Amino acid sequence: MTRVALLLPGQGSQFVGMGSDLAQAFPTARELYQEADDILEVRLSTLCWTGPGEDLTATENAQPAILVHSYVVWALAREMLVDSTVVAAGHSLGEFTAHLLAGTFTFADALRLVRRRGQLMARSGAERPGTMAAVLGLTREQIEEICGAVSVGTVVPANLNAPGQIVISGDVDAVSAACELATEAGARRVVPLNVSGAFHSPLMEMAAGGLEEALTGTDAMDPRFPVIANATAEAVRDADTARATLRAQLTLTVRWVEGIERMREEEPTRWLELGPGNVLAGLLRRIDRSLSATAVGDAEALDALAAG
């Protein structure tokens, strides 16, 4: 029997036009987008399909947009996947999507949570400005040493995405200083990211407190399959742990490489990335060249999945 591992993308995977072909091809997709619009009282479908891109990229819009796209794909492929899925993981925002697919939250509750999460993160970024940067070509140990050497403000490793691909996050001056040190240490490339705050760093503590309140007030069930938490790289199998780890990941490092290794312990025979883009499929190959994931985000890919 096929054993499926699901990968759910995070913020940054959004693009204008996302999900439009699914809505055109499948009545179920149109109905789910309409349901999302009604739940959030926002024309999220219009933002996804026609933009404008600046509004879609806003944190409070991008997060529910990506969650809906991934959930639509899951809903359309559910009969093929529900009995064979053995583990799931999502990158940052995608961890909420993973729990939605696992049944931890209802569609309506997951939408409200990620909308609230995005609003809190944007507000936190406005109140204490921060930034992020991708550093390519250095090890985790080198990045940790560099962050520890910065004497002004706070900067930490935020996303351990793949060997040689790490994102740092923190105060603007601290990130700038760390970028200079990384260049001096031989980084192949340092790329400032266009973000509205210092995500996955202590600067998000205010947002984490608000998210904890929202999570506490939301009904949750034990997931039907394990979800690997970003903050711990461990399998989450109960509702209380789901709430705790989703709160924790706002201020802690996304341990993506370790999470993939933990997923492998469930012995999946097929990896699928559900939703917009193929970023996580690319990271999977960087982590282990023997692994490959199929990106399923449009009608053509769904047809190929069904045929296969």
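**Close-up views of a predicted model**

**View 1. Where β2 meets β7.** Strands β2 (residues 85–90) and β7 (residues 227–228) run parallel and are joined by 2 bridges; strands are DSSP runs of E, at least two residues long, numbered from the N terminus, and two of them pair if DSSP finds at least two bridges between them. Look for A88, whose bridge partner in β7 is V227. This is a predicted model, where local features need pLDDT of at least 70, side-chain atom pairs count only at pLDDT 80 or more, and totals for chains, interfaces and linings use all residues. Residues are numbered from 1 along each chain as its sequence is written, and side-chain values use heavy atoms, leaving out hydrogens and water.

**View 2. The largest pocket.** Its volume is about 770 Å³, the space filled by probe spheres set on grid points joined across faces, edges and corners. A pocket is an open set of points on a 1 Å grid over the protein atoms alone, where a 1.4 Å probe fits, with protein on both sides within 12 Å along at least five of seven lines; lining residues have an atom within 4 Å of a point. Of the 32 lining residues, Q11, G12, N159, L193 and V195 are the closest to the centre of the pocket.

Definitions and conventions
Helix = DSSP H or I, 4+ residues; strand = E, 2+ residues; numbered from the N terminus.
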